[in-house]
Amino acid sequence: MKKSSVRTFPWRGGSLALGILAILVLLPLLLIFWTSISPGGRLDIGAPLKTIVNNRGLLEVLLNSLGLGVSVIALTTIFALPLAWIMAKTSIGRHRWLDVVLLIPFMTPPYIGSMGWMLFMQSGGYMEQLLPASAAVTPYFFSYWGMVLIMSLHLFPFLYLLLRNSLLQIGGSLEEAAAVHGASFAYKSRKVILPLLLSSYGLGALLIFVKTIAEFGTPATFGRKIGFYVLTSEIHRYIASWPIDFGKATSLASVLLGVCLVMWYIQTLISSRYSYRLVGGKGMRSKSKTSGGLAGLASWGYLVFLLIASIGVPYFSIITASLLKLRGEGLSWGNLTLNHYWELLSPGSPGMHALINSLGLAVAASCIAVILGTWFGLTIGKASSWRQKLTDLFSLLPNTVPGIVLVVGLILFWNARWMPIPLYNTYGMVVLTYVVLFLPYTVQYVKSSYGQLDPALMQAGQVFGGSRIYVFRRILLPLILPGMAAGWMMTFTISNRELVASLLILPPSMQTSATYIFAQFEQGAVPLGMAMAVVSVGITTALLLAIEYLNPDRKRRQR
Amino acid sequence: MNELIIRDLAKSFGDVQALKPANLHIKAGSFTTLLGPSGCGKTTLLRLLAGLETPDAGEILADGEPIYSASRRVNLPVHRRNFGMVFQDFALWPHLSVFENVAFGLRAARQKQDLRGRVLEALRTVRLDGLEERYPHQLSGGQQQRVAFARAVVTRPRLVLFDEPLSALDAILRDEMRVELISLVKNIGITALYVTHDQSEAMSMSDEVVVMQGGHILQSGSPEEIYRTPAHPFVARFIGKSNWVIPDQQMLRPEQLRWSQESDSNLSFHGTIRHVSYMGDRYEMILDMQDMGQWIAYHEQRLSVGDNVCLYASPGQIHKLNPSG
């Protein structure tokens with residue numbers, strides 16, 4: 001069956017696809033390792049670790065990153081676990097719109113979320129204006145735990161979705177069977193629910209850890225303000241500001257990459273060994289208790305608290321900051337104006353330049369990413385041969401590897417002295433970086449669209465006289481089109497808001513909306529920066545909502 | 001337990017009355033089957049008994065003691081009802097071994113005495129000795145079914161509930177398991193309440209069949225009673241094949257028809273053969289009986305389509321349904 005489907009559509013050029021991926025993704029990453037283990041021309045596998053251990057500052061940075069990861073796991077758990085329980089086990093879970101709302105924090109670029117919180121809590125910020133007595137507490141926010149809080153509020157929806165889905169799956173007959181056979185609530189939770197939940201929690205926690213140590217936005221804004229430095233922010237510093245030190249940057253990048261790869265390896269081990277197929281037949285009826293009274297009130301209270309903290313506060317601050325006429329006069333209706341938007345969007349302004357630049361880059365990157373991603377996705381097919389598996393692995397690597405690491409690799413590769421193609425420091429380099437970073441989305445979407453197609457559909461096309469190209473055009477292409485569209489929009493959206501790649505790769509004198517926001521926030525033209533944040537998040541959020549409707553996985557997820 | 005009595009038990013989901021007030025009497029050691037098409041309320045009744053749903057009204061009494069009573073405000077939680085249950089999808093816990101799956105009920109009730117012996121005994125009964133260290137995903141469908149059975153009976157519950165347990169198996173395995181299940185139930189001597197939509201399962205396994213439709217209990221009785229003297233046209237049509245002399249009032253079964261007159265008192269019926277199917281052991285004929293609609297009759301030889309035939313039956317064999325039913 002599989003064989004015949006492969007034969008029906010022999011994606012020749014499989015080797016070519018693999019070759020392109022090797023150049024785009026693999027070589028840059030290898031180059032990081034190479035640079036870090038050959039300091040001064042001598043080969044030393046342990047060099048990156050030595051560089052870090054022998055330098056107290058760098059060692060502290062490494063430990064900071066690891067500690068931050070653990071703390072964020074703890075706090076996201078505190079946020080996500082009760083929420084998952086509420087949404088899976090009570091009637092509140094019937095409000096499907098909450099699931100979309102709960103994705104907003106995750107869709108908000110972390111640097112924008114951090115800026116919102118900083119504006120809210122800083123001295124003289126909105127918190128103190130709304131509640132003057134809070135001035136006694138707000139200084140404590142600018143600390144390690146404030147940073148953990150901001151990052152957890154960004155990442156918790158991810159853990160929540162994982163936990164809720166597995167609670168829903170456990171919820172059917174497995175739980176009922178425990179009750180019928182004499183288990184009380186406590187016993188049932190301890191012996192059945194928790195062990196089954198543990199494997200998906202383990203996976204979620206590892207992913208949270210990886211995402212935390214790979215994140216750049218919050219360390220670059222909040223972390224810099226409180227003087228808390230982590231791997232990503234230090235890699236950025238050694239590459240972007242004087243004195244530039246590629247040795248240290250690649251050492252840190254190698255270690256960051258290594259940690260992430262180990263985490264991913266552990267994750268695959270867990271998911272292959274300790275995860276259970278929980279999808280039952282008809283037993284999936286999950287009972288939801290109607291939550292009235294005190295329990296219902298507490299559940300709603302918790303939900304509202306989370307929504308205010310993760311969406312309300314940052315968006316309130318950003319929108320308010322973009323509307324304030326005079327910062328000194330504080331919150332009052334008379335002090336609101338739309339002037340910053342007019343200034344930002346007036347033709348020829350730097351803001352408008354940055355915005356158009358961003359949109360242009362994003363369109364170019366997403367068009368190329370869709371073509372490449374579709375090709376790779378179809379090449380991978382059902383990943384039956386080793387070549388297809390390798391293509392699969394390489395094309396998903398940019399999702400596994402922290403963005404900043406890949407960007408460093410791309411710089412090393414395209415800026416190398418022996419590189420004949422003069423792409424570095426051009427517009428094309430930015431597009432290429434975005435394409436490489438966000439390729440996995442299209443590959444994933446196309447792969448899953450294609451995987452759901454019965455090969456008989458294409459075989460039937462050929463039986464009824466269609467040539468290979470005709471079958472591709474009339475049958476395959478229309479069927480995978482939703483996947484391609486989703487990939488295009490996803491790439492467009494994230495390229496539009498991408499910060500770290502833009503900061504490191506953009507040619508001098510060029511700005512995107514992300515770097516514009518970053519620069520304005522640093523240099524004090526906060527209202528302009530925040531107006532840009534509102535515009536850019538507005539555009540991309542609208543698109544992300546559209547993806548929700550086109551995602552080929554949607555139907556399966558709603559089972 | 002000597003008997004389980006269900007009195008006026010009712011349940012609605014929103015506007016849908018899934019179970020209209022139902023009365024039922026289950027004797028200890030009996031095998032009772034709730035039979036009906038999907039949506040008839042049989043699964044609802046089972047889940048009400050187990051405590052997985054809460055009834056709106058009525059009573060469930062075990063030996064006179066209320067398990068649930070709307071008027072007396074008694075509602076024993078699920079885990080204190082001391083029932084066993086075999087789920088449709090088996091619901092074996094994937095993270096526990098076969099041994100721990102079966103031991104679950106004993107551990108939950110803190111019955112630690114001779115726990116190992118009792119679990120192994122239960123596994124031996126279902127012929128799974130030696131597999132106690134396996135995990136559910138390492139077992140075949142039939143083996144999983146037997147683990148689910150062992151788990152349901154190991155605590156010696158007062159009643160074991162079966163929620164369409166054979167429907168997840170393929171046809172051949174289903175026939176095997178049906179025979180095995182009924183012999184296990186009889187050997188151990190448990191009281192069983194079995195839910196199915198398959199009439200042949202119900203007829204072959206049960207001491208008592210309860211036919212349900214649209215949330216109503218239409219009739220309960222032994223399989224023979226249900227088949228020979230259906231109380232309701234739906235029961236007559238749902239179980240076996242029915243030939244109607246007067247629609248919804250008088251019927252007889254195909255095997256009661258004779259092809260020759262055996263006594264003067266016999267009634268005669270005239271019809272035309274419309275269709276002949278060979279069933280291996282006999283030919284099944286569909287006849288056009290004019291006013292009486294279509295009938296089914298059996299013959300040991302092939303007859304030709306279009307033949308006009310005469311069929312006979314003694315008046316006593318015609319079953320008259322309760323006209324009010």
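**Exercise 1.** Find how far apart the ends of residues 62–267 of chain A lie, and state the helix content of the span.

*Solution.* Start with the ends: the C-alpha atoms of residues 62 and 267 of chain A are 21 Å apart. Next, the content: 81% helix and 0% strand. Helices (H or I, at least four residues) and strands (E, at least two) are DSSP runs, numbered from the N terminus. Then the record: UniProt, in an unreviewed entry, places "domain: ABC transmembrane type-1" at residues 62–267 and 355–549 of chain A. Such annotations may be inferred rather than shown by experiment.

The model is predicted; local features need pLDDT of at least 70, and side-chain atom pairs count only at pLDDT 80 or more, while totals for chains, interfaces and linings use all residues. Residues are numbered from 1 along each chain as its sequence is written, chains are lettered from A in the order in which they are written, and side-chain values use heavy atoms, without hydrogens and water.

**Exercise 2.** Decide whether Ser152(A) is buried or exposed, and list its contacts.

*Solution.* Locate Ser152(A): helix H10 of chain A. Its relative accessibility is 0%, so Ser152(A) is buried (under 20% relative accessible area; exposed is over 50%, partly exposed in between; 1.4 Å probe, protein chains only). Now set aside neighbours within four places in sequence: Ser152(A) contacts Val72(A), Leu75(A), Thr76(A) and Phe79(A) (heavy atoms within 4.5 Å). Finally, take Gly69(A): 83 residues from Ser152(A) in sequence, but 9.9 Å away in space, C-alpha to C-alpha.
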